[in-house]
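Trainee: Could we walk through this structure together, one question at a time?
Mentor: Gladly, have a look and ask away.

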Amino acid sequence: MLLTSLLLIPFLGTLALLLWPGNPTPSRLRQITIGILAVQLAFSLATALAFDPAQVGLQLREQHSWLPGIGLDYALGVDGLSLPLVLINGALTLVSAVITRDISQRPRLYFAMLLLISGAVNGAFLADNLLLFFLFYELELIPLWLLISVWGGVNRAYAATKFLIFTAASGMLILGAFLGLALLTGQVDFSLTPVLSDRLAMGGQLWLLGALLIGFGIKIPLVPLHNWLPDAHTQASTPVSVLLAGVLLKLGTYGLLRFGLQLFPEAWERLAPALAIWAAVSVLYGSLAAIAQTDMKRMVAYSSVGHMGYVLLAAAANTPVSLLGAVFQMVSHGLISALLFLLVGIVYRKTGTRDLEVLRGLLNPERGLPLTGSLMTVAVMASAGLPGMAGFISEFLVFRGSITAFPLATLLSMVGSGLTAVYFLLLVNRAFFGRLAITPPSGDAVADARLDVQLAPVAPRETIPALALAAGVVLIGVWPHSLGRISEVATTALATLTTGSGGLG
Amino acid sequence: MPIIPADLVHANLSIDQEEVKRRLLASETLLTDSADHLLEVVGILESYGEVLDAYSINLIYQAEHQFLNPIPIFKYLDGDLSLGKIWRHLNHDRINFEYAEYCQKAMFWHATGGMDAYLDSEAFAENCRRIIAAKRRRDPLLAVLAPLFPGFLPELIRSAATTHALGQFWRVMSDLFLDLAAAERDGRVRDIPGVVAFIKDGLVAAAANPIHYGVTIGGEHFWVLPPEAGLTFLVDVAVPYVEAVFLRGMPFLGTVSFNAQAQQISPDQARFTYGALYADPLPSMGAGIPPSLLMQDMYRHLPPKLHQWYLQRTRGEGDVRVKICMSFQKSMFCVTNAAINGTMPHPLNSSDPAAQAANGAHAQAWAERLGIARTDCLAA
C-alpha cells in the first residue's frame, strides 16, 4: 500500500482541492497543497526507509489486474533507479508549492494541477507495466500544459502549444514502440520483461528502440529535439520551471534507462557509439547555446540540455559506474537546476528583468540581493562540477564510467563541463558583480552610477526553499554514499543484465 | 528590451555646471529646498556633530599625548586604558577613528593652503630640530631613529601638526552643527537657505580664529605651529580640508571608478575627484575605510526623527548606511555652498561690473568642479 499511497495522496488531494467547499483564498489553498505534499514527501521517505538497498529488482511490489483485455495491469514497484527520482519529485513539488505566490487567477485549478502532476510523475516512476507508465507519462502532460498556458508569461500560448505538440509526438512514439514490442513479440501483457526483445530480429529492435530514443529524446530533451524547452521555461512561472527542470525532464532519462536500455540491450549495444556521439553533441550544443544567451532563464534552460546529455553518455557507456553516475546526474541536476530556476525567479521578481545586459551588481550587500547572489554562486559552482557538491560526484562518475568505452565522446563532454563554468561565470559576473544597476548602460559611466536602485529586500521565507536545495546539493556532494547505497545495486544489476559485465569501467 | 517597472529606478537628476553657476550667482541654494531635505540635512549634521566631537577630541589627544610615538598602539583610547574601554574597543563598540585619520591623511597628502606652506618653511624646520633634540634625550628609540632616518621624525611632526589642526577645525564644526540642530528646533532655521546661511555665518565668524599647536616635553613648552605663523581657521585649515576631503579625496573602493592600471586615476592629484561630493553612496562591495565607517558612526547618533524617516523608506534598516551617505552628501553640498558664499569676493547684489565679473569667475571655478559631482542628490 505504500506505493499506492504515493499516488492516492496527490490524486485524492487534487480531488479535495477541486471539491473544497466555499471559496477558499489562494493562500489557504496553498497551505492545503503544502500540507498534502508534505504528507506525500513523508510517505516517499517512508518508502526509502522500507526499501532494501541490497536487494536486486523491484521491491514493495503491488499488482492488481486492471484491464487484462488490453494488457493494462496495475503493477507498481520501486528499485534503486526509481526511488531517488520519487524522492526528488516529492521534494521539488513541495518546493514548487512553497515558492508559489500571488496566484490570483484560478488558484484552485493551479494547485490541483500541481498535485496532479506530482501524482502522475510518481506513477510513471513506479509503474511496472508499459501501458501504466504510458498512462501516467501522458497524464502529466495536460496539467503542465495548463500551468504554462494559463499562468505563464506574455508568449505563454506559443510556448505551451509548442510544448504540447512536441510532447504529444513524444508520447505517440513511445506508445508506438510499446505497442510494436507487444505485437511483434506476441506478448501483450505489457510487462517489463528484459528478455522480450530477444525474440525480435535486430532490424525490428532498432526500429522500436529508435522510436523510444526519439520519444524520450524529446522529453529529456536532446539536441535537435530540444526546441520546445527554452520557450517553455522562459514562459513558465518559476514554480513550474522548477518542476519542469527538476522532475519532468527526468521522465525522459528514466524512460531511456528503464525501457530503452533494459528492454533492448542488444540494439542498445549496437547504437551505443552513435548515442555517445549524440550525447557529446547535445552537451556541447547546449553549453555553447547557453553561452550565447542573455536571458538568465534561457541560459539555465540550455544548460539543462547540456547536462542531460551526460545521462545519455552514461547510458550509452552502460557500465556500473556510468549508470550510477546517470542516477546521480538525474538527482543532482534536479536539485541544481531547481535551485537555479528558483534564484532566477527571485531576481526576476525583484528587478523585473532577467536580461544579462541590464542587470549588474546584484550581490551588493546594501541594496542588492546578497543572499540570493551567494546562493546563485553556490548553484553555479555545483552545476560546473566543483568538488564538494553534487555536480562533481555525478560528473565524475559519468566520466569515469564512460571514458574507457567512449573516450572521444567523454572528452568532448568534459569540454562541455568546462563550458558550464564559462557561461555560468558570465552570468554571475554580469548580473552579480560590479556596481548595482538594473537599467541598460547609457555609455556615460558617471550618469550610470547615479541611478538610484530601489530593490525590495528578499524576505527570509523566500530564500528558505533555496537554502534547503543548496543544503541538499552540498549534502550529496560531501556524503554521496547516502544516494549511492540506494542505487548501486540496481545500476550494477542493470549494467550486468545488459552487458554481462560487472567490473568498473 | 525588458520592461523594467518605473518604480524600481529613479531618473538621472544631475544638474550641469551652468546650472550650478546660475544657482550660486542667483543666491539660490544648490540643494533644493524641501521639508524632507531640511529634516535630512539638519538631522545628519546633528549626528555628524556628535561624531566630529569624538573625532576632534581624539585627534587633539593623539597630537598632544601620542606625539612622536612611532608605535601608538593605544592612540584611539583617549588615555583611558581601563579594561572595559579596551574590551569595547576590541569588540568594535566604538567610534571609528580610522575615518578621522583618513581625512587627516587626505589633507596631509594633498597639501594645499597656508599651513602646508608653513610646514615646508625654514622656521618649521627649526622648530622640528629643537623638538627632536629635546625628545631624543628622553626616548632611546627616537635617539636611534633620528640619525638613522633624518626625515622620519620631522615628517611625524608635520603629520601631528595636521592632526591637531584638523582636531581644532572639527571642534568648531562640531559645535556649529549641534548649534544648527538647536536652532532648527527653536524655529530659527526653517528651510535649506536658512541652513546654508547659518553655516556660512558660523564659518565667517570663526574665519579669523588662530590655529596654533604646541607640545610640552620634559616640562618645557615647544611650538609646532606658533602664533607668529599667522595661521587662521578659514583659509589655512577649512579651505584645504574642503579641497582634500570634499573634492579630491583618495581613490578607494566605493568611489565611482578607479583602476590605476587602466589609467583611470589622474597622475595629477589636483584633478582627483574622489572626495565626499563625488563618492558613490552605494559601495561596490569592496573593503576600505571610508565612507562606510563614517556612516556607521553617524548611525550610532542618528536623531530619532531622522531614523524614523529612514525606516519608512526603501529597505528600512537594511540599507540605512546608504541612506545616511546620501543625506550626508546633501548636507556636505550645503556646507560647500556656505563656504562658496562665504568666500565670494563681492556681495552678490553689487552693481559694479568688475565685482560681478569677479563673482562670476569665483562661481565659474566652483561650477567646473561641482558640475561633475553627484549633483543628482540635490533634487527634491
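**Reading the model together**

Mentor: Let's start in chain B: just after H3(B), His92(B) takes a positive phi of about 60°. Keep in mind that this is a predicted model.

Trainee: How many residues of helix H3 (residues 83-90) of chain B are buried?
Mentor: A residue is buried if 20 or more other C-beta atoms lie within 10 Å of its own. This helix has 8 residues and is hardly covered. The count of buried residues in H3(B) is 0.

Trainee: Is Ala111(B) buried, exposed or partly exposed?
Mentor: Ala111(B) lies in the loop between helix H4 (97-110) and helix H5 (114-119) of chain B. Its phi is positive, about 50°, although it is not a glycine. Ala111(B) has 17 C-beta neighbours inside 10 Å, so it counts as partly exposed.

Trainee: And is Asn318(A) buried or exposed?
Mentor: Asn318(A) lies in the loop between helix H12 (296-317) and helix H13 (320-351) of chain A. Here too phi is positive in a residue other than glycine, near 55°. There are 25 other C-beta atoms within 10 Å of Asn318(A), so this residue is buried.

Trainee: Which domains does the assignment give for chain A, and what distance separates their centres?
Mentor: Chain A is assigned domain 1 (1-263) and domain 2 (272-505). Taken over C-alpha atoms, the separation of the two centres is 23 Å.

Trainee: Which element gives the most to the side of domain 1 of chain A that touches domain 2 of chain A?
Mentor: The contact takes 38 residues from domain 1 of chain A and 42 residues from domain 2 of chain A. On the domain 1 side, the elements giving two or more residues are helix H3 (83-99), helix H9 (228-235) and helix H10 (238-263) of chain A. With 13 residues, the one that gives the most is H10(A).

Trainee: How many residues on that side of domain 1 of chain A are nonpolar?
Mentor: Let's set the other classes apart before we name the count. That side has 9 polar and 2 charged residues. The nonpolar residues number 27.

Trainee: Which residues does Ala379(A) touch?
Mentor: Ala379(A) belongs to the group that touches the most other core members. Residues up to four places away in sequence are not counted here. Its contacts are Ile336(A), Leu339(A), Leu340(A), Leu343(A) and Ala470(A).

Trainee: How far apart are the end C-alpha atoms of helix H2 (residues 26-50) of chain A?
Mentor: The buried residues of H2(A) include Leu29(A), Ile36(A) and Phe43(A). They pack against helix H1 (2-19), S1, S2, H3 and helix H4 (107-126) of chain A. At 1.5 Å a residue, the 25 residues of H2(A) should span 36 Å, which agrees with the distance between its end C-alpha atoms, 36 Å.

Trainee: Which residue in S2(A) is the bridge partner of Leu67(A)?
Mentor: Strand S1 (residues 59-67) and strand S2 (residues 72-78) of chain A run antiparallel and are joined by 6 bridges. They form a hairpin with 4 residues between them, and Gly71(A) in the turn has a positive phi of about 80°. The partner of Leu67(A) is Leu72(A).

Trainee: What separates the C-alpha atoms of Thr4(A) and Glu62(A)?
Mentor: Thr4(A) is in helix H1 of chain A. Leaving aside neighbours within four places in sequence, Thr4(A) is in contact with Glu62(A) and Leu76(A). Thr4(A) and Glu62(A) are 58 residues apart along the chain, and their C-alpha atoms are separated by 7.8 Å.

Trainee: Which residue does a cis peptide bond join to Val223(A)?
Mentor: In the loop between H8 and H9 of chain A we find Pro221(A), and a cis peptide bond joins Ile220(A) to Pro221(A), with omega about -10°. Pro224(A) also has its place in the loop between H8 and H9 of chain A. For the cis bond of Val223(A), omega is about 5°, and the residue joined is Pro224(A).

Methods: Residues are numbered from 1 along each chain as its sequence is written. Chains are lettered from A and ligands numbered from 1 in the order in which they are written. This is a predicted model: local features need pLDDT of at least 70, side-chain atom pairs count only at pLDDT 80 or more; totals for chains, interfaces and linings use all residues. Domain bounds come from an automatic or database domain assignment. Two residues are in contact if their C-beta atoms, placed from the backbone, lie within 7 Å. Ala, Val, Leu, Ile, Met, Phe, Trp, Tyr, Cys and Pro count as nonpolar, Asp, Glu, Lys and Arg as charged, and the others, Gly among them, as polar. A residue is buried if 20 or more other C-beta atoms lie within 10 Å of its own, exposed if 12 or fewer, and partly exposed in between; C-beta atoms are placed from the backbone. Two strands pair if DSSP finds at least two bridges between them. A nonpolar core is a set of buried Ala, Val, Leu, Ile, Met, Phe, Trp, Tyr and Cys residues joined through C-beta atoms within 7 Å. The expected span of a helix is 1.5 Å times one less than its number of residues.
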